[in-house]
Amino acid sequence: MDLPIVVGVDGSEPGLRAVDWAADEAALRGLPLRLVYASLWERYEGSRPAEDLGRPSEQVRAEDIVAAAARRASLHRADVKISTEVLPEEPEYTLVRESRGAALLVTGTRGRGGLAGALLGSVSLTVAGHAHCPMIVVRGDQEDRARPGRHGRVVVGVGDAPAAPATMGFAFEEARRRGAVLEAVRAFRCPAHETTDHPQLAGGPARLHEQHAVDALEAALKEAPDDVVVRRRTVEGHARTVLVGASRDADLLILGARRRPRHFGLQLGRVAHGVLHHSDCPVAVVPEPV
C-alpha cells in the first residue's frame, strides 16, 4: 500500500495553500492525500453538545474545515484519492504520530497578527523538529509560489556533517521528479581572527575555508545519479542568510535534521530554525538518523 501525503489543515489561508501544494505533490508522486485536523475541543467544551446537532460546536467547525479543504483539493486535483480525519488531540502530537505512516508531511505557515504568513507558527515549527518522515513547510505569500516545478531549481543545503544520505537521496529524487536542476549550496566563513594584513598572506585563510566547503560539496555529491543535473555553489557568509538567499526563485529548499541522543525526535538547529521562518520557497526538512 502506498503511504499517503499527510497535510495538516486548520482553515487558514496558509493552510489552504498547503492543501493545494500537497494535492499537486500527491499527483506528481501518484500517492493518496490525507487531510488531518486536530484540536482539543473537548478540553474547552466538555461533553456539552451543540443544540441542533448533538455534537460539540468545535467538532462541527472542525468537520466543516476539513470538508472544505477536501472539496478544494478535489477541485484542484480530481485525479488524487483523498481521505480526511478529525481528531480531538493536540495538533503537534497528532501530526508527529501521522508522520510515522506518511510518505511526506505538509503544513503551511501561520504566524500571529501582522506576522501572519511571514513567521512560522508554533505547530509547524514543533512538528518540523520531531517528524519521522520528510516534512515540507509551504512558504510563499503568492499563489504561484505554492506550486511545485515552476522554476526548475531545487536547492539542498550541505552542512558540516560528513554524510547525510537520507537528505541527499531525497534531494536527488526531488530534482529528478521535477526535471529540475539540483543546486547544492555550502556556506563558509573565515573567522575575523584568521585575517591578516600581510600582503603576501592576505586571502589565504579565506581560500582554505572555501576549499573545505568545496570538499564538503564533493563528498555530499559523490553518489549523485547521472540523470540529475547538479550545480555546486560555495558562498561566504552565515549559512542561514546564504540559504534564505538561495531560496529565491527555487521550487524547494531541502535541509537535513539529525537526531540527538537523549532528545525526543529531531531538534532543529539555528540554521534550520531561521530558514523555516524566512525562506521564500517551500522548505523540506529530512530526518537524518545518526
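Trainee: Which elements of the protein chain have the lowest and the highest mean pLDDT?

Mentor: This is a predicted model. Helix α2, residues 41-45, has the lowest mean pLDDT, 45. Strand β6, residues 153-157, has the highest, 97.

Trainee: And what does the protein chain average?

Mentor: The average pLDDT is 83. Of the residues, 77% score at least 70.

Trainee: Where is the pLDDT below 50?

Mentor: Residues 42-52 are one such stretch. Beyond near neighbours in sequence, that stretch has 13 contacts in the model. Residues 111-119 also fall below 50. That stretch has 13 contacts too, again beyond near neighbours in sequence. Where pLDDT is low, the predicted coordinates should not be read in detail.

Trainee: New topic. How do α8 and α9 pack?

Mentor: Their angle is about 35°, and the axes are 9 Å apart. α8 covers residues 239-246, and α9 covers 270-278. The crossing of α8 past α9 is right-handed.

Trainee: Which residues make the contact?

Mentor: From α8, Ala239, Arg240, Leu243 and Val244. From α9, Arg270, Val271, Gly274, Val275 and His278.

Trainee: How many are nonpolar, polar or charged?

Mentor: The contact has 5 nonpolar, 2 polar and 2 charged residues.

Trainee: Is glycine 179 buried or exposed?

Mentor: Exposed, because its relative accessibility is 67%, and the cut-off for exposed is over 50%.

Trainee: How far apart are glycine 179 and valine 154?

Mentor: In sequence, 25 residues. In space, 9.6 Å, C-alpha to C-alpha.

Technical notes: Residues numbered from 1 in each chain as written. Predicted model: local features only at pLDDT ≥ 70, side-chain atom pairs only at ≥ 80, totals over all residues. Heavy atoms only, no water. Axes fitted to C-alpha atoms, helices over the stretch in contact; angles between N-to-C directions. Helix = DSSP H or I, 4+ residues; strand = E, 2+ residues; numbered from the N terminus. Left-handed = near helix turned anticlockwise from the far one by under 90°. Contact = heavy atoms within 4.5 Å. Nonpolar A, V, L, I, M, F, W, Y, C, P; charged D, E, K, R; others polar. pLDDT = per-residue confidence, 0-100. Buried < 20%, exposed > 50% of the residue type's maximum accessible area, 1.4 Å probe, protein only.
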